[in-house]
Amino acid sequence: MKKRVFSAAMTSLLALSMLLAGCGGSQTAQKPAEQPKTEAPATTPAAEPAKNGPKQLIIGRGGDSVGLDPIQQTDGESFKVTENVFDTLVGYEEESTAVVPSLAEKWEIAPDGLTYTFHLRSGVKFHDGTEFNAEAVKWNFERWMDKSHPQHNKEGFEYYNDMFGGYKGDKDHVIKSVDVVDPLTVKFTLNRPLAPFIQNLGMSCFAIASPKAVQEMGPEKFNEHPVGTGPFKFVEWKRNDTITLEKNPDYWNAGYPKMDKLVFKVIPENTARLTALTSGEIDLMDGLNPDDAQAVKDNPDLQLILRPSMNLGFLGFNVEKKPLDNPKVREAIAYAVNKPAIIEAFFAGLGQPAVNPMPPSIWGHNGNIKDREYNLDKAKQLLTEAGFPNGFKIKFWAMPVARPYMPDGVKIAEAIQQDLKKIGVEAEIVTMEWATYLEKTKAGEQEMFLLGWTGDNGDPDNFLATLLDKNNIGGNNRTRWANEEAHKLLMQAQSATTKEEREKLYLQVQEIIFKDVPMVPLAHSTPALAAKANLVDYKPHPKGSESLEKVDFK
Amino acid sequence: MLSYSIRRILMLIPVLLGMSIVVFSIIRAIPGDPALTILGEKASPKAIEDLREALGLNLPWYIQYFDYLKQIVTGNLGVSLHSGASITQEIGPYLAATTELTIVSMLFAVLIGVNAGILSAWKQNSWFDYCAMLIALIGVSMPIFWLGLMEQWFFAQELKWLPSVGRDNSRNPVEAITQFYILDTILAGQWDQLWEVIKHLILPGIALGTIPMAIIARITRSSMLEVMRADYVRTARAKGLAQFWVVYKHALKNAMIPVLTVIGLQTGLLLGGAVLTETIFGWPGVGRYIYTAIGNRDYPVIQSGILVIATIFVLINLLVDLLYAYIDPRIKYR
């Protein structure tokens with residue numbers, strides 16, 4: 001009996017399906033797609049936001065945020081959102097890393113560089129209604145620096161540790177104390193002068209969170225429900241899909257934000273993201289393939305937006321490995337790299353050849369250094385002088401993933417490989433999975449390698465010392481270049497108190513680097529974004545994320 | 001039937017246990033340090049060592065395994081190293097998204113695949129048969145990636161009929177209750193939203209369903225051909241039954257056994273193997289969740305994610321086996 005019911009059900013299901021399929025399987029492939037045809041006019045995705053409805057900005061991006069408590073994060077995708085929910089004590093200018101007031105309206109620095117007094121903006125409220133004041137600033141810094149603080153999390157705060165020499169009680173810790181002078185004045189006392197102190201405070205990670213919210217929720221939950229003073233309030237997070245923010249009507253910067261709602265939408269595939277923009281499902285996208293830039297320019301409904309460059313893609317030498325320990329060999333390879341050709345071919349022209357390990361957009365860049373031109377004869381001659389008239393064999397590590405500073409590591413490596421062949425150097429390209437790549441290059445297993453860096457705060461130290469100081473061997477100095485002279489200058493620059501003094505030191509360091517060639521800086525890329533043509537006042541910041549309070553539709 | 005079912009269900013225990021060991025070991029074999037990947041390329045060596053310690057990564061592997069097993073038994077899938085959130089909670093929406101997509105894809109694959117297969121067998125060597133099998137051949141060998149991008153380009157960008165990415169319209173998002181958006185919109189009685197959700201399912205559903213559709217069509221065809229040569233079918237025809245009923249009532253039931261296997265297998269495969277489709281269509285599913293976790297060396301997520309998928313896979317197979325025994329009683333005596 002039961003069996004009959006089953007087979008009857010099966011039969012009717014299949015008969016029904018056959019009817020649905022239009023009795024003829026020949027149209028199998030097209031049929032389902034034809035279904036919505038009748039509805040076509042009604043189904044067109046909204047090309048423009050409704051004129052009278054809320055003003056929404058849908059932003060397409062490649063990856064989801066990791067967390068939304070800025071101090072717990074180190075990744076760019078997280079900051080793209082937190083920049084809109086939180087404010088920092090000081091900020092950066094719209095398109096540069098010059099420091100401007102934000103939550104602190106003005107500040108005084110003692111001549112010895114050990115005390116900083118900040119005067120805070122009055123009448124600012126957190127999204128949960130609590131007051132922003134000197135107590136809140138003190139509480140946030142205490143939470144970050146004091147490992148025994150109840151809301152300090154077990155993994156620590158990576159950026160705090162890096163920028164301020166560890167935590168409270170550590171030998172090199174910079175901040176001695178944060179004191180409340182009056183409700184709107186807060187004083188920082190330092191253990192030692194730190195030249196980039198103010199610059200650091202503007203970094204996205206040092207955003208001021210609502211103490212009440214963090215205490216009530218705890219760091220884990222706060223990481224998913226952020227509460228700050230920023231232009232937008234957090235609404236909802238659908239992981240790997242969307243993060244929704246809404247306008248903060250009480251924002252201290254009167255007249256802003258312009259949008260009622262921001263939605264950050266994850267669309268991993270670059271091409272699919274551009275399709276979504278073209279079809280009107282999103283209004284703005286980042287991570288445009290350099291190759292698609294022309295198509296965006298040619299489309300009257302779209303505009304191309306270029307982010308000022310603050311990155312570096314380079315070819316590094318592990319100077320501990322033979323024959324790369326010989327500066328002449330390194331210089332020979334530097335002569336054999338055709339930078340303009342690489343930029344034309346792989347960055348679609350969206351970038352400039354790099355001379356120094358830091359981009360010209362950062363102060364202290366040494367513009368007097370004249371780059372080695374592409375010259376295979378000169379390269380060959382240097383190799384002969386170094387004792388390798390017939391060249392040598394070498395392993396050349398290429399990045400497996402695309403990064404803004406290196407759109408296609410393997411292809412770029414192949415291009416360089418061709419040139420090296422002409423001077424007798426046989427480079428064998430090696431590649432592996434990204435996390436392994438980072439780990440192994442950190443451990444110094446590589447010979448010649450491709451890598452890059454995106455700046456965090458616009459300070460020269462963040463490029464020069466991070467990438468090439470001997471203290472960072474085993475860390476981000478993957479060339480393992482240990483130059484005493486450069487190290488001495490970099491350390492001096494870290495504790496120098498005036499910008500002029502630091503600038504002089506950095507100019508010298510860059511000369512030493514250029515002469516000794518621990519790396520061949522290849523390019524400073526210009527990351528490209530695309531948006532609807534009617535989007536205005538979007539000012540991309542070189543550090544990679546920015547507040548969208550001023551963005552509007554025409 | 002009951003004893004067969006019980007036996008079959010009890011067999012799940014060693015299977016699941018074995019699976020957990022395999023998953024656990026494979027993950028340990030992936031090169032790369034989770035602490036480093038969590039902290040990122042800018043981390044200092046000391047911070048990495050501290051984190052390894054905090055995460056228990058310095059403990060011997062068997063202690064890590066038993067700790068893990070203990071957690072799983074209590075329904076705790078662990079905490080994601082990357083996001084710091086509970087996996088049990090986190091995986092829910094992803095699983096729902098993928099399941100919804102898988103169901104739609106399989107519906108598409110089964111409806112079209114089975115019928116095309118039947119008609120091909122029915123009209124063997126006709127132009128329809130040739131066309132259908134050619135399409136099936138193309139379908140099997142079609143790269144999902146390419147198909148997905150072409151669909152988007154044609155139906156979303158050029159014709160603007162269908163949305164290209166996501167599960168819903170971000171300008172008017174679905175209020176999630178159960179995380180199954182079709183169900184959610186029905187529960188809320190929002191019919192325009194339901195239509196919106198269905199529209200979002202069409203392109204990824206076709207992209208994901210094309211390969212199974214082609215496989216099912218081919219299997220159905222060959223299975224039907226075999227059955228239609230059987231004596232009882234000839235008898236049915238001889239007694240003057242209309243061809244339609246011969247095919248759909250008599251032949252189909254027996255032909256369905258191998259097809260059912262394929263459907264079961266394919267459903268399981270889709271559930272875990274939707275990474276490409278989910279990537280292209282920005283679908284917040286479990287495939288991409290695990291895939292991203294692999295990149296992040298997020299051990300707990302990889303482990304638990306694969307375990308959940310594998311468990312569902314095993315359960316689908318169980319269901320198929322039970323259905324078998326139901327259709328063909330001889331099976332349960334073997």
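Mentor: Two strands are taken to pair if DSSP finds at least two bridges between them. The model is a predicted one. With that criterion in hand, strand S13 (residues 311-317) of chain A and strand S18 (residues 519-525) of chain A are joined by four bridges and run antiparallel. Within this pairing, A:Gly316 has A:Met519 of S18(A) as its bridge partner.

This pair belongs to an open sheet of six strands in chain A, ordered S14-S18-S13-S17-S15-S16, with mixed pairing. Strand S14 (351-353) and strand S16 (426-430) of chain A stand at the edges with a single partner strand each, so one side of either strand has no neighbour in the sheet. From one strand to the next, the twist averages 25 degrees.

Two helices pack on this six-stranded sheet. Helix H14 (residues 409-422) of chain A touches S13, strand S15 (393-397), S16, strand S17 (448-454) and S18 of chain A. The direction of H14(A) makes about 170 degrees with that of S16(A), an angle that counts as roughly antiparallel because it is over 145. Helix H15 (residues 434-443) of chain A touches S15 and S17 of chain A. The direction of H15(A) makes about 100 degrees with that of S17(A), and this counts as roughly perpendicular because it falls in the range 65 to 115.

Two further helices of chain A can be described as a pair. The axes of helix H17 (residues 484-495) of chain A and helix H18 (residues 499-516) of chain A come within 9 Å and cross at roughly 160 degrees. H17(A) is therefore roughly antiparallel to H18(A). Their crossing is left-handed. On the H17(A) side the contact involves A:Glu485, A:Ala486, A:Leu489, A:Leu490, A:Gln492, A:Ala493 and A:Gln494, which meet A:Arg502, A:Leu505, A:Tyr506, A:Gln508, A:Val509 and A:Ile512 of H18(A). By type, the residues of this contact comprise eight nonpolar, three polar and two charged.

Chain A also contains an open sheet of seven strands, in the order S8-S9-S10-S1-S11-S19-S12 and again with mixed pairing. Its edge strands, strand S8 (232-238) and strand S12 (302-306) of chain A, each pair on one side only. Inside this sheet, strand S9 (residues 242-247) of chain A and strand S10 (residues 261-266) of chain A run antiparallel and are joined by five bridges. There, A:Leu245 stands opposite A:Leu262 in S10(A).

Strand S4 (residues 104-109) of chain A runs antiparallel to strand S5 (residues 115-120) of chain A, and five bridges join the two. A:Ile109 is placed opposite A:Tyr116 in S5(A). The hairpin formed by S4(A) and S5(A) has five residues between its strands, and A:Gly113 in the turn has a positive phi of about 75 degrees.

As for the record, an unreviewed UniProt entry places the feature "domain: Solute-binding protein family" at residues 99-474 of chain A. That span is 29% helix and 22% strand, and its end C-alpha atoms lie 32 Å apart.

Technical notes:
Residues numbered from 1 in each chain as written. Chains lettered and ligands numbered in written order. Predicted model: local features only at pLDDT ≥ 70, side-chain atom pairs only at ≥ 80, totals over all residues. Heavy atoms only, no water. UniProt positions renumbered as here; feature names shortened; annotations may be inferred. Axes fitted to C-alpha atoms, helices over the stretch in contact; angles between N-to-C directions. Parallel < 35°, antiparallel > 145°, perpendicular 65-115°, else oblique. Left-handed = near helix turned anticlockwise from the far one by under 90°. Contact = heavy atoms within 4.5 Å. Nonpolar A, V, L, I, M, F, W, Y, C, P; charged D, E, K, R; others polar.
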